[in-house]
Amino acid sequence: MTTTYNCTSDDQRTEGLQHAQRAISEKKCIVLPTDTVYGIGADAFSPLAVTMLLASKGRSRQMPPPVLIPRINALDGLATDVPADARSLAQAFWPGGLTLILHAQPSLDWDLGDTKGTVALRMPDDEIALDLLGLTGPLAVSSANRTGQQAAQTASEARLQLAESVEVYLEGGFRPVKGTAALPSTIVDATSTPFRVVRQGAIELERLREIVPSILGFGETLGEVPAPQAEPEEATADDAPVTAADEQSPEADIAEPSAPAQAKPE
């Protein structure tokens, strides 16, 4: 039976987290708040649970879900050959609205869809999400909406779209704060050289380039990256525009895709 918990109440929050943990262990789907929008989550290591997540959204295996993690040191357990610059980005922007596409650990027994050997990882900056992840471990999470529909900013909005396909809804109020835009996470493909933004979102390109100056913006090619300016004593901010940002899908997903070859948002 589908249940919604008001996680702004301490008692319901505790009960809701426990129920959500049980649902995940039973390979069922749950809805949780994140720092960007609400997400539908499932056990990342259960092919059945991931299949149910994709079916709930009306999505195919060609659009695999990303994985949310509870702490930065989970990075090496799920990804391999992690570049130093990717670690620097994680240190700078996790928890927060940055998703990193990395090479998946080949030894892990999971099936997120057609990922082409990669995994998209993010640590959300949301207390309820992190508390749940601390109980469950890594979760496959995508935006809590039917594909092609607007991403949910509350659990009640998510329930209107996902209904009984979800066992537990954790209501934490508006995500992000009411009245602000529902921006998705920024996705960076860290399997390529140089790194490239495959979806512009919450973390601006200029902030990324403060950590990794060579990173390509969305739609940019290598020759379009501004050459570094030699400034005596004072560094200037990179003011290169985010190319083609207005051409991206209005649907604010948690993160997509896991496979670099599928960089076009739905």
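**Notes on the predicted model**

1. Before going on, a word on conventions. This is a predicted model, in which local features need pLDDT of at least 70 and side-chain atom pairs count only at pLDDT 80 or more, while totals for chains, interfaces and linings use all residues. Residues are numbered from 1 along each chain as its sequence is written, and side-chain values use heavy atoms, with hydrogens and water left out.

2. Back to Thr 154, which sits in the loop between β8 (139–143) and α6 (155–162). Helices (H or I, at least four residues) and strands (E, at least two) are DSSP runs, numbered from the N terminus. Thr 154 is buried, with a relative accessible area of 7%; buried means under 20%, exposed over 50%, and partly exposed in between (1.4 Å probe, protein chains only). Leaving aside residues up to four places away in sequence, Thr 154 touches Tyr 38, Glu 171, Gly 173 and Phe 174, where contact means heavy atoms within 4.5 Å.

3. Strand β8 itself deserves a look: 5 of its 5 residues are buried, so β8 is largely enclosed by the rest of the structure. It pairs with β3 (residues 38–43) in the antiparallel sense over 5 bridges, and antiparallel with β4 (residues 67–68) over 2 bridges. Two strands pair if DSSP finds at least two bridges between them. Leu 139 of β8 is the bridge partner of Asp 43 and also of Leu 68.

4. Strands β10 (residues 186–189) and β11 (residues 196–199) run antiparallel, with 3 bridges, and Val 188 stands opposite Val 197.

5. Some backbone geometry is worth checking by eye. Most residues other than glycine have a negative phi, and most peptide bonds are trans. The peptide bond between Trp 94 and Pro 95 is cis, with omega about -5°, and Pro 95 lies in the loop between α4 (84–93) and β6. Another cis bond runs from Arg 175 to Pro 176, with omega near -10°. Asp 81 has a positive phi, near 55°, and is exposed at 63% relative accessibility. Lys 116 also has a positive phi near 55°; this residue is in the loop between β6 and β7 and is exposed at 57%.

6. On cysteines, Cys 7 is buried at 4% relative accessible area, and Cys 29 is buried at 0%. The count of disulfides (cysteine sulfur atoms within 2.5 Å) is 0.

7. Finally, confidence. pLDDT is the predictor's confidence in each residue, from 0 to 100; the chain has a mean of 85, with 84% of its residues at 70 or more. It stays under 50 over residues 227–252 and over residues 255–266. Where pLDDT is low, the predicted coordinates should not be read in detail.
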